[in-house]
Each structure stands twice: as C-alpha cells, then as structure tokens.
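Please look over the chain and its fold before reading on.

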Amino acid sequence: MPADLGDLAAFVAVAEAGSFRDGARTCGMSASGLSEAVRRLERRLGVRLLHRTTRSVAPTEAGARLLERLTPALGEVEAALDVVNGFRDRPAGTLRLNVPVSAARLVLPRIVPPFLAAYPDIRLDVIAEDSFVDVLAAGCDAGIRYDERLEQDMIAVPIGPREQRFATVAAPAYLDRRGRPEHPRDLLHHACIGGRFASGRTTEWEFERDGEILRVDPSGPLTVRVGGATDLAVEAAVAGVGILTLFEDWLRPHLDSGALEPVLGPVVT
C-alpha cells in the first residue's frame, strides 16, 4: 500500500531537524503528531526508519536511503503545487470556448479585448461553429449558447446583450420588383433566402406582435449553412436574390447604407 504523502513529509522534517521538537517547529505540527506520523509510516513499510534516543533522532540505514530519495522528490511536489497556486492567485493558461458563429461575430468582439487586458496570462482559443456539440466532449472549457440550444444540465450565466433582435430585409430593387410583404404569410409567395443547420434542420422564421407568435417556413432559390455561409446569404440579399431574416446587428451596415430595407418590422427571438 503506498505511503501517505503527509507521513513521508513528516519523516523528512524529523530526519532533517534531528528531533521531533525541532521538526514540529519547522513544519507547524505538534511533536506528538510527527511522532505518530513516523510510526505510522514505519508500520506501513515494515522497517524502522529512525533511531530514537531521549536527546536526538537519527535515520537508520533504511531511513537514510529513503531520505536521500525523498528530499528532491518532495521538492518537486512542492514546486508543482506552487504552479497550481499561481492559477489560484492569478488566472492563467488556455481557455477554449465553443461558440456559435453569430456569437463570435456579434457578442465576443465587445467582450474579448477587455477580458484579455484584465487577464494577460490567459490564452483564449475560440472555436466558432453552429453544430450541436457537447462543449466538454469537444475538448472545450466553456461555450456560448442561445436559450433554445442550452442543454438542461449546463451551468449557465448571461453574457452579452440580453436580447438580440432579428430583422427581415431585402434589397430595395427586389421589393420594387416583387412588392413589399405586409404580413408574414406573404413571405410564402416571395423568394426567401433560407438557412440550414449542420443537423439538416432548416430554420423557421418567427414573428411576434401583441403577444401572438407566427412561424413561417419560407422557401426560395438559395439555402445556406447557418454560420459558415451566412455572409453569402447577406450578399445575395443585397444583390436582390430574395428576402432574408438575420440578426439585426449583423445586417446593420447594410441597413444604414440603404443596401437593405427592413420589412414587416423586427423579429423577436
């Protein structure tokens, strides 16, 4: 049976100090506590480690051999624990995050720079994807998830804006050509740019007004992979291919420039 690390440290303290009293003073234990620890170690090993007299203590031959090997080994253990203590006093190391592409684009840019400035010893490794993956199984320490994709056993804290609005948009040229929808059901008669998750499930468009929620599953000439090909969908909408629903912040530059025009009002997630 392996010896207890505390008993080994007690033996080293006594052997180096030459007495139980001085050893106790060195390691902050009582002399009786050290004596019991050494006796326990000797019983476990089945060999006497210390010669004891009323005035002094000295290692036996077996004890001297053990002391010779233990001293550097315990020094390495102490050095290893000092490294861990450094993590407690000041966070350090690599932090791997698994996040949706939209969070990497819309949430993290406002958070990452001040975070890295506050914790200069942390290296941030961000993996952006929109697959439904287990954060820990993917080798990550934490992740960002939207409410509908949050697993029940995950410990979650809010991060970033509490609400991200969607907007339904199209190029003015498209709307001039095909007309402006006045109700979400009108989208069923329009060319819509859809999204598809890695699982194969297509995205539904959700609209809310006065507490009433309406979901639409539109179709059109283009469907893109959510996250990875979202920029393609935006550029296609700007080019007049069809109507698109996406995070309002993602679309903001094109809304401000007039390249895209909102229709049907905001969409609430």
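This is a predicted model: local features need pLDDT of at least 70, side-chain atom pairs count only at pLDDT 80 or more; totals for chains, interfaces and linings use all residues.

Residues are numbered from 1 along each chain as its sequence is written, and side-chain values use heavy atoms, with hydrogens and water left out.

The protein chain holds nine helices and twelve strands, taken as DSSP runs (helices H or I, at least four residues; strands E, at least two) and numbered from the N terminus. Of its 269 residues, 35% count as buried, where buried means under 20% relative accessible area, exposed over 50% and partly exposed in between, with a 1.4 Å probe and protein chains only.

| Group in α9 | Residues |
|---|---|
| Buried | E248, W250, L251, H254, L255 |
| Exposed, on the face turned away from the buried side | P253, D256, S257 |

Helix α9 spans residues 248–257. Because its buried residues fall within an arc of 135 degrees seen down the axis, they line one face of the helix; the arc is that of the directions from the helix axis to the C-beta atoms. After α9 comes G258, with a positive phi near 90 degrees.

In helix α3 (residues 31–45) lies E42, which is buried at a relative accessible area of 11%. Apart from neighbours within four places in sequence, E42 is in contact (heavy atoms within 4.5 Å) with V47, R48, L49, L50 and R52.
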